[in-house]
Amino acid sequence: MTSTVELPVRKGESGEKAARGPRRRVPGRIRRIGLPYLLLLPALILELLVHLVPMVIGIVMSFKELTQFYIRDWGAAPWAGLDNFRMSVDFDAPVGEALLHSFLVTVGFTLASVGLCWLIGTAAAICMQDTFRGRGLLRALFLVPYALPVYAAVITWVFMFQHDNGLVNHVLHDQLGITDKPSFWLIGDNSFIALLVVSVWKGWPFAFLIVMAGLQNIPRELYEAAALDGAGMWQQIRRITLPSLGAVNQVLILVLFLWTFNDFNTPYVLFGKSAPEAADLISVHIYQASFVTWNFGTGSAMSVLLLLFLLLVTGVYLAVTSRGRRASRA
Amino acid sequence: MPSSPMAPPRSFLWTRRVFLTLLAGFVLLPVYVMISSSLKPLADVTGKFRWLPSELTFQPYIDIWSTVPLARYFVNSLIVASAAAVCSVVIAVFSAYAVSRYDFRGKRVFTVTVLSTQMFPGILFLLPLFLIYVNIGNATGIALFGSRGGLILTYLTFSLPFSIWMLIGYFDSVPRDLDEAALVDGCGPLGALFRVVVPAAIPGIVAVTVYAFMTAWGEVLFASVMTNDTTRTLAVGLQGYSTLYDVYWNQIMAASLVVSVPVVAGFLLLQRYLVAGLTAGAVK
Amino acid sequence: MRSIRAAAVGAVTMSLALAASACGGGSSTEGGSNDSPKTLTYWASNQGASVEVDKKVLQPELDKFKKQTGIEVKVEVVPWSDLLNRILTATTSGQGPDVLNIGNTWSASLQATGALLPWDAKNFEAIGGKDRFVDSALGSTGAEGKDPAAVPLYSMAYALYYNKKMFADAGIAQPPATWAEFVEDGRKLSKGGKWALGVEGANPSENIHHAVVFAKQHGGDFFTADGKPDFTNDGAVAGVKEFVDLMAKDKVIAPGNAEYAQNQSVSDFAKGKTAMLLWQSASANLKSQGMSEDSFGIAPVPVQSGTPGTGTGVNSMVMGINLAVFKNSDNLDGAKKFVKFMTSDAEQKILNTAYSSIPPVKGAQADPAFNTPANGVLKNTLATSAVAAPQVADESQFETAVGTAIKGLFADAAAGRAVTTESVKAALEKAQAQMPAA
């Protein structure tokens, strides 16, 4: 996967060789140039149809005043210029302020969730490197959260987080007496914690899988050499295991970051159409700003801003991590 | 299994035991709640939480089929998710092969563009996509809207970007000598792809298929507006247990379990491939 | 090499073929016509216990309609959680049903899209005339001065449902008529793990229905006469505060209600956990949950003065479901025939009985079936003391913005934070700022 990040590094020698094969016929040159494009064609058509064209339409929408008066005939909607953007980034006015708040909540949530998913996933993978009794069973068990349909998993958590009848309050309040009165988890400030718990519960097995796979590629000799040098178990983990996971982590963290940042299903099932302020993730916020209030222009402008932000973050992230890894390899 | 040559110190063993126990508890808790709640009468699940059912009942497992047409939703989900996963992977294989094995103009643009589609909030695709589908329908008579086909098309494209990304990694890890040998033996490039590269990357392909399947299996928003009564999928259909009158928690849990068991079972059967598969993809 | 092209082409055709194999989905043309006079698609809202129950109620009636006219109606019961989104996407794409149910509070918002057939004199003529319908119901069919966007189908009103036994146990002789009495009785009822009232604190629409009425009772309105949002006037603030105070100050609502959004308050009432419930046409619901008809009583929702009426005596919104026709239906005549059928006296009687609602059609309303004490309260409320939802284009934004604000206020109250006039005003001010600049 890392090669996509450093695409130019890998030259397509084999491609040329492929076309130079024994069965080469006359217009080989055209075929040689055309073949990769032909292979990309289905993906390109679908991406254009389902992602890129709607994205362009979305960007166009962000410059229009698209309220319920115009959704029947988008062409008739008046151009709004930069008004939608101005409204979204005017952080002194309530709309901009709410967007900024939601953005910050999302950033905080994403960092916490990705961090925890990665940490738990890595720790579990390292713990399960050696064989021990019940390892297969445990590994199977750990994959269950990833295999449950999102709705089923999240609604179970809703059931557990209920104020009056939920398991969480039953344990914390009734049985352990940690809180002096039952807490609210689905509304109010605690909703952030609830969201984080559900997100980590669902997300860490993916990190676990990827890291566990990555660990299998670390050459045994490295550990042996380190052991000869007198490095203990903990030192081996720090000096060999973690650095060797660099390539895996680069992609894993990016993937987790993008998924978590734009996750809609989890908060939507957890909180419904209007999320509590403390857990007002940007995806639901934009949904509310466009679908529930029927103002698609503003919603699109917010999405475009989000796109720019994520592009920037991804670009910087890839540049920094790629350079870092190249430097450490040298 | 690569294990460290030295016997792990006690401190590590203890930490491991405690950590894995806690983690297993965390993972299992909701699963336990699902199973126990599905065996409780309605009064138990709408009243104070209790660890054990006041009486064991299998009634929820009977009722789920009549409260909502669960079987139909399950079949819909299965068709949609399987078709989306298979098509997504087939298309991703072609693309990833091109990117992995050929050098051509626009390669970087392609991969970066594909990635950038993951940065736009999915909800904003909804209306434009609708318009496009309806226009395609009007122009060609192909009904994408409200049909399983439309949903399959949407989902397969959702999982396509990461499928392509992951598969490029897997293909890169398949030694080039192998397909060159196949080419020398007289296979065309596609022959090399299907006779050499794909078999060598089977684990990765399985991993990507699972990912694509789960993406389609769990999606809620598009399914809620792009389906009708006959094409509704589980992710939306399960909401039917929360009715105007009452929330049938025990039936929700029972239905969730019933529909999850085949998926989880299939998933666990495949996990052997998954572990081997993701290795190759993530590390070249 | 030919195989490559074949394979690639194959992949493309496969994806297209997949699309072609798609099933379902209607077809419709712009502008409306009578191209397919033999079929209709109907989106029904979920009125009964569940979607499946509704199908069983509606199907025999649709069969009757087919017998009469030869038109086959394909019905889909759309859950409330999806209905507005479905209508919105249908409006955008022009691909929707021929006839559909809308919540009557959405009438003006949907009217503004121009997607619904306006019910002018001629169209009303086709279904037997406008004067067949009750005035209050017609008041919730679109903005004033415009042709209605829909026709009333079921009418509902809020009433106070109370548990007779719990009242007797607490020594309360009759249901409260003023809010002062309500709070006093409520304190007597809220003890020993039982509570006086249940609300859906986290359900924005439910909150709105109460907020509008409470504001009215304090002489406030959420919109000015010319349709501009005005959420922070004294009446509106006082009204919202009084509503939330039932939990925050008077403590007659269990704090847990702040997270209710799935009608848990109805089942709490049915289970005897709460003594009172403010709900619209709840009888059928309560009976299905095992409450016998004589175990609960129905009274008008309290008002400040004790006598419901107009102005500050208002004690319910005009609730209900309207029937609308999509302008670009390809069976306009059939759609109108279907509306006529559904609003006929006979059908009105059958359907409104099934859903324990009140027929908005005069002829059916007069039927003895709707003269029970329970229906009497609802009928009387609709006729004398119910107020229509704000008939402005921004109504659905209003529901979201203010409904969410009240959800937040309930969350504050539940967490034990103070709910003051200032905090209510601040929350409403924020809600107003989210409204489109008028």
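Domain bounds are taken from an automatic or database domain assignment. Keep that in mind as you work through these exercises on a predicted model, in which local features need pLDDT of at least 70, side-chain atom pairs count only at pLDDT 80 or more, and totals for chains, interfaces and linings use all residues. Residues are numbered from 1 along each chain as its sequence is written, while chains are lettered from A and ligands numbered from 1 in the order in which they are written.

**Exercise 1. The domains of chain C**

Task: Find the domains into which chain C is divided, and describe the contact between them.

Solution: 
- Step 1. Start with the bounds: domain 1 of chain C covers 39-156 + 319-387, and domain 2 covers 158-317 + 394-433.
- Step 2. Next, look at the spacing. The C-alpha centres of these two domains of chain C are 27 Å apart.
- Step 3. Now count the contact, where two residues touch if their C-beta atoms, placed from the backbone, lie within 7 Å. Domain 1 of chain C brings 19 residues and domain 2 of chain C brings 24 residues.
- Step 4. Which element gives the largest share of the domain 1 side? Helix 16 of chain C does, with seven residues. Helices (H or I, at least four residues) and strands (E, at least two) are DSSP runs, numbered from the N terminus.
- Step 5. Sort the domain 1 side by class: 12 residues are nonpolar, seven polar and no residue is charged. Here Ala, Val, Leu, Ile, Met, Phe, Trp, Tyr, Cys and Pro count as nonpolar, Asp, Glu, Lys and Arg as charged, and the others, Gly among them, as polar.

**Exercise 2. A sheet in chain C**

Task: Work out the strand order of the four-stranded open sheet in chain C, and find what packs on the sheet.

Solution: 
- Step 1. The order is 6-7-5-8, with mixed pairing. Two strands pair if DSSP finds at least two bridges between them.
- Step 2. At the edges are strand 6 (195-198) and strand 8 (296-299) of chain C, each pairing on one side only.
- Step 3. From one strand to the next, the twist averages 25°.
- Step 4. Helix 16 (residues 373-385) of chain C packs on this sheet and touches strand 5 and strand 8 of chain C. The direction of helix 16 makes about 25° with that of strand 8 of chain C. Axes are lines fitted to C-alpha atoms, for helices over the stretch in contact, and angles run from 0 to 180 degrees between N-to-C directions.
- Step 5. Zoom in on one pair: strand 5 (residues 158-163) and strand 7 (residues 274-280) of chain C run antiparallel over five bridges. Within this pair, C:Tyr158 stands opposite C:Gln280.

**Exercise 3. The largest nonpolar core**

Solution: 
- Step 1. A nonpolar core is a set of buried Ala, Val, Leu, Ile, Met, Phe, Trp, Tyr and Cys residues joined through C-beta atoms within 7 Å. A residue is buried if 20 or more other C-beta atoms lie within 10 Å of its own, exposed if 12 or fewer, and partly exposed in between, with C-beta atoms placed from the backbone.
- Step 2. The core has 330 residues, and B:Ala84, C:Tyr161, C:Val240 and C:Val402 touch the most other members.
- Step 3. Helix 4 (residues 70-101) of chain B gives the most to this core, 17 residues.
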